[in-house]
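Have the structure open while you read.

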Amino acid sequence: MSRDAERFDVLIIGAGFAGMYMLHRLRLAGFSARVFEVGDDVGGTWYWNRYPGARCDVESVEYAYEFSPELVQEWDWTERYAAQPEILKYANHVADRFDLRRDIQFDCRIASAHYDAEEPHWTLTDTAGQQYHSQFCVFATGCLSVPIKPDVPGLESFAGEIFYTGEWPHQPVDFSGQRVGVIGTGSSGIQSIPLIAEQAQQLTVFQRSASYTVPARNEPLDPQLREAVKADYPAFRQRSRDSGYIFGARMPANAGFASCLSPSEQQMHLENYWRIGGLFFARAFGDMQLDTGANAIAQEFVRTKIRDLVHDPEVAERLCPDAIIGCKRLCADTGYYETYNRPNVSLVDINAAPIESITEKGLRTSDAEYPLDALVFATGFDAMTGALDRVDIRGASGQRLSDVWQYGPATLLGVQTAGFPNLFMITGPGSPSVLSNMLQSIEQNVEWITDLLKYMREHEHECVEAQADQQTVWMEYVAAMAETTLYTRCNSWYRGANIEGKPQVFSPCVGYNQYVEYCDEVAAAGYSGFDFG
Ligand code: NAP
């Protein structure tokens, strides 16, 4: 052990919703813990993603912690879908209410995490060289926390300002009078484009693939509804779980399989869910994500809406995706398609004319040059494994996690990986994570891990490690579940396909309720599949 190293029971990396709750839960269980956070405050994804229009696509009453009845009662969401500032305010409220900050070290990036099998303990080293030791180490680093910064030739020569939606400045950005370019039309682009268009003198959107987006239909949250939800919050959240979708307790159940409906019934359901708004659209048919025929009907419905909403038929066609709807994550917008009716907005198809370079004055594609004063990259994230890959994590025999996962991540239940004793991930690859309501998955994972640590303390176990063969079985199950859906039929970030050369493994686990049942069974059987030492 180094001379001035500090020692804790548990070291946690990340002070987003996962890291904060992990700290709170561990404290309640009597463990000493310290959290490390790169940012200068709590909030994780909601700390970094401050771009105009940033908003959650899960309803606010569900995108909230459930563990504290007092917290549920004292917090009032103001909109159907909370905007980033309100979610960040909530994160800060939680940090204050549970006095979390005293155990969080801000402005601290952990560079390495090495396991010493002799001691045994984990040694974390931050970028300033300070070391910390602990029996356990928990990565609460999020699934979408490492923004992609495309290496476009000439980027450094650009005289204007460059922004990344995933690392937006803390001060307000004013695009008034500017010629702005946005690259990327996933959720972040689709949320920010309408607001940038309102400010900018001219907005040029550079689109590589058109995305499917459904109107969010955000609105102020009806106080009566809010109170009704609070009146029996556990039952409300149970309805979310029972829905099978993990969010949308207020929504009608899905309309059944498309093949069981007449064409007019199919259109009626699609129309109804388009009116309801947001990701719930995927519930218009129970088999939208399972059957290509059902999916094709929904695709055509959205293309018809785009052609209705966008006045210029050529622009409308460019905005019409032809991929499987929901395979890449569905987006929820406020006025996205309508934005292309504005005289100051143009859409450039960079599939037809690829970006060649950024110049001092703007952006050059293969067939034109676009003068720009500012350039916004809404180009997504190194998802699922990106944050883990960026730390030099070494296991029992000195092996690097990034080497072990060179052909794709492998875990048992998304919480542990073989060869890395006492190392945990919250909502890691192999857990439902991004296919669920993240807050609900975070609470489930945190509570399950805490119970495991308590079990170890009671049974005087020092080490726990996922069994390699059980991990293989688990990842085969995750892959098999994905194959029952249409999720594997496109190049999405869910499977790492948005990054050239990244191994393509669909790592979120389909089926939250089955996952939780399995976790509970494993725990009830004395954590079968895990070795103790
Ligand atoms: P994304 O969905 O991965 O979209 C990235 C966009 O950038 C895509 O249009 C992509 O085109 C384009 N792109 C990437 N690299 C490019 C390059 N080198 N040149 C040109 N275009 C490029 O990323 P995101 O919009 O940040 O969203 C990621 C996820 O974060 C979402 O799916 C969602 O889960 C979460 N998120 C949620 C919310 C919300 O709650 N409402 C908001 C924002 C983000 P291709 O499709 O052709 O690759």
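Start at the ligand: one of its oxygen atoms sits 2.6 Å from a polar side-chain atom of S188. That is a polar contact, meaning a pair of N or O atoms within 3.5 Å.

| Residue | Atom in the protein | Distance to a ligand oxygen |
|---|---|---|
| S188 | polar side-chain atom | 2.6 Å |
| T185 | polar backbone atom | 3.0 Å |
| A378 | backbone N or O atom | 3.3 Å |

Keep in mind that this is a predicted model: local features need pLDDT of at least 70, side-chain atom pairs count only at pLDDT 80 or more, and totals for chains, interfaces and linings use all residues. Numbering runs from 1 along each chain as its sequence is written, and side-chain values use heavy atoms, with hydrogens and water left out.

How many residues surround the ligand? There are 23, and R55, S188, Q191, S209 and K328 are the closest; being near means having a heavy atom within 4 Å. By class, this shell has nine nonpolar, nine polar and five charged residues.

A cavity is a set of points on a 1 Å grid over the protein atoms alone where a 1.4 Å probe fits but cannot get out, and its lining residues have an atom within 4 Å of a point. The count is four cavities of 30 Å³ or more. The largest has a volume of about 120 Å³, and its lining is made of 13 residues, with A64, V72, W75, W77 and Y233 nearest its centre. That lining has 10 nonpolar, no polar and three charged residues. The second largest cavity holds about 70 Å³ of space, and F139, M384 and P429 are among the residues lining it.

Technical notes
On a 1 Å grid over the protein atoms alone, a cavity is a set of points where a 1.4 Å probe fits but cannot get out, and a pocket is an open set with protein on both sides within 12 Å along at least five of seven lines; lining residues have an atom within 4 Å of a point. Grid points are joined across faces, edges and corners, and a volume is the space filled by probe spheres set on the points. Ala, Val, Leu, Ile, Met, Phe, Trp, Tyr, Cys and Pro count as nonpolar, Asp, Glu, Lys and Arg as charged, and the others, Gly among them, as polar. A polar contact is a pair of N or O atoms within 3.5 Å; within protein, one must be able to donate a hydrogen and the other to accept it, and residues adjacent in sequence count only if both atoms are side-chain atoms.
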